[in-house]
Every structure is written in C-alpha cells, then in structure tokens.
Amino acid sequence: MNCKIVARAPVNPTEDLDKIIEALSNVFDYDDILISDESVTVTGNVSCLLPLKEFLEKRQIRDTARRMILKGWNEESKTINLKLSKQAAFTGLVNLVDGDLSPLGEIELEIRTDNMEEFADWLCAH
C-alpha cells in the first residue's frame with residue numbers, strides 16, 4: 001500500500017519544543033522531522049503509523065478510527081485528514097479529536113493514499 005504521511009504539531013510560545021517532539025515520537029515512527037519556530041512536522045510512509053495501529057487495536061477503538069477516516073477523506077485530493085490530541089500523545093496515548101479541543105492546538109495528520117478503503121482496512125483491521 002502506497003501512502004505518504006505528514007503530521008504537524010504547532011509550537012506555542014509557552015510550550016517546550018522537546019515535549020512536542022516527544023509527543024510526535026510517541027505516536028509515529030517517522031522518517032524525517034522538520035523543526036521550525038511555529039511547528040514540528042514529521043513525515044514517512046505507512047510504516048510510520050504502526051504505533052498508532054497498535055494503539056487502536058489495544059484500546060479497541062478501531063470502529064471510531066474508521067468513522068474518523070471516512071469523515072476526513074477528501075476524494076479530490078486523495079487525502080485523509082485527522083486530528084490527534086497533542087496532550088494525549090505526549091502521555092503516550094492516542095486521542096482522535098473532532099475539531100480543535102485544546103487552546104495549544106492539535107496534531108494534524110494528513111495521509112495521502114490512492115485507496116482509502118484499503119488504508120482504512122489496514123489501520124482498523126479486526
């Protein structure tokens with residue numbers, strides 16, 4: 001399955017950059033990292049989502065994840081857009097969120113794939 005993953009977390013003036021990097025590292029096995037004053041962005045392929053996949057299996061929230069994937073699918077751009085709680089990620093948990101819950105911002109995850117159904121089946125397999 002061919003996928004490109006981009007996850008971006010905003011860095012606010014009151015936040016510790018190392019904690020943002022740790023939050024992203026807790027959820028993604030990324031290939032590359034780009035650090036700027038405003039954000040931290042990690043990129044990779046489908047294998048960088050293995051920690052996320054394992055968490056969904058452990059917590060038995062695959063059906064919720066599948067609904068969020070379907071809701072976040074953009075047929076025109078062939079992307080799935082999801083948001084994860086930055087605070088939960090820092091503690092090693094995955095919390096998919098609908099909208100912006102934290103004033104500090106969320107981790108924005110973009111998954112580019114030609115086959116959304118195949119990707120959803122892989123990530124959310126029972």
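What follows is a working chat about this predicted model.

Me: What am I looking at, and what do I need to know before reading values off it?
Reply: It is a predicted model, where local features need pLDDT of at least 70 and side-chain atom pairs count only at pLDDT 80 or more, while totals for chains, interfaces and linings use all residues. Residues are numbered from 1 along each chain as its sequence is written, and side-chain values use heavy atoms, with hydrogens and water left out.

Me: How many helices and strands does the chain have?
Reply: The chain has five helices and seven strands. Both are DSSP runs numbered from the N terminus: helices are H or I with at least four residues, strands are E with at least two.

Me: In what order do the elements run?
Reply: From the N terminus on, they run β-α-β-β-α-α-β-β-α-β-β-α. The radius of gyration of the chain is 14 Å, close to the 14 Å that the globule rule gives for 126 residues, so the chain is as compact as a globular protein of that length. That radius is taken over C-alpha atoms, and the globule rule is 2.2 Å times the number of residues to the power 0.38.

Me: What does the C-alpha trace span along its principal axes?
Reply: About 40 × 30 × 25 Å.

Me: What share of the residues count as buried?
Reply: Of the 126 residues, 44% do. Buried means under 20% relative accessible area, exposed means over 50%, and partly exposed is in between, using a 1.4 Å probe and protein chains only.

Me: And contacts between residues at least 6 apart in sequence, what share join residues at least 24 apart?
Reply: In this chain, 66%. Contact means heavy atoms within 4.5 Å.

Me: On to helix 5. Which of its residues are buried?
Reply: M116, F119, A120 and L123 are buried in helix 5. They cover an arc of only 100 degrees around the axis, so they are on the same side of helix 5. The arc is that of the directions from the helix axis to the C-beta atoms.

Me: What do they pack against?
Reply: The buried residues of helix 5 pack against strands and helices, including strand 1 (3-10), helix 2 (50-59), helix 3 (62-72) and strand 7 (106-113).

Me: What caps the N-terminal end of helix 5?
Reply: N115 does, with a side-chain oxygen 3.3 Å from the backbone nitrogen of E117. A polar contact is a pair of N or O atoms within 3.5 Å; within protein, one must be able to donate a hydrogen and the other to accept it, and residues adjacent in sequence count only if both atoms are side-chain atoms.

Me: How many aromatic pairs are there?
Reply: The count comes to one aromatic pair. F119 and W122 form it, and it is tilted, with 6.1 Å centre to centre and 40 degrees between the planes. Rings of Phe, Tyr and Trp (its six-membered ring) pair if their centres lie within 6.5 Å; planes under 30 degrees apart count as stacked, over 60 as edge-to-face and the rest as tilted.

Me: Where do those two lie?
Reply: Both lie in helix 5 (residues 116-123), three residues apart, about one turn of the helix. F119 is buried, with a relative accessible area of 0%, whereas W122 is partly exposed at 22%.

Me: What sits over the ring of W122?
Reply: The charged end of K53, 4.9 Å from the ring centre. A charge sits over a ring if NZ of Lys or CZ of Arg is within 6 Å of the ring centre and within 35 degrees of the ring normal. K53 is one of the buried residues of helix 2, along with P51, L52, F55 and L56.

Me: What follows helix 2?
Reply: Q60, whose phi is positive, near 55 degrees, although Q60 is not a glycine. Q60 lies in the loop between helix 2 and helix 3 and is exposed, with a relative accessible area of 66%.

Me: And helix 3, which residues are buried there?
Reply: R62, A65, M68, I69 and G72. They cover an arc of only 120 degrees around the axis, which puts them on the same side of helix 3. On the other side, R67 and K71 are exposed.

Me: Last one, S85: buried or exposed?
Reply: S85 counts as buried, at 11% relative accessibility, and lies in strand 5. A polar atom of the S85 side chain lies 3.4 Å from the backbone nitrogen of Q87. Leaving aside neighbours within four places in sequence, S85 is in contact with N95, V97, E106 and I107.
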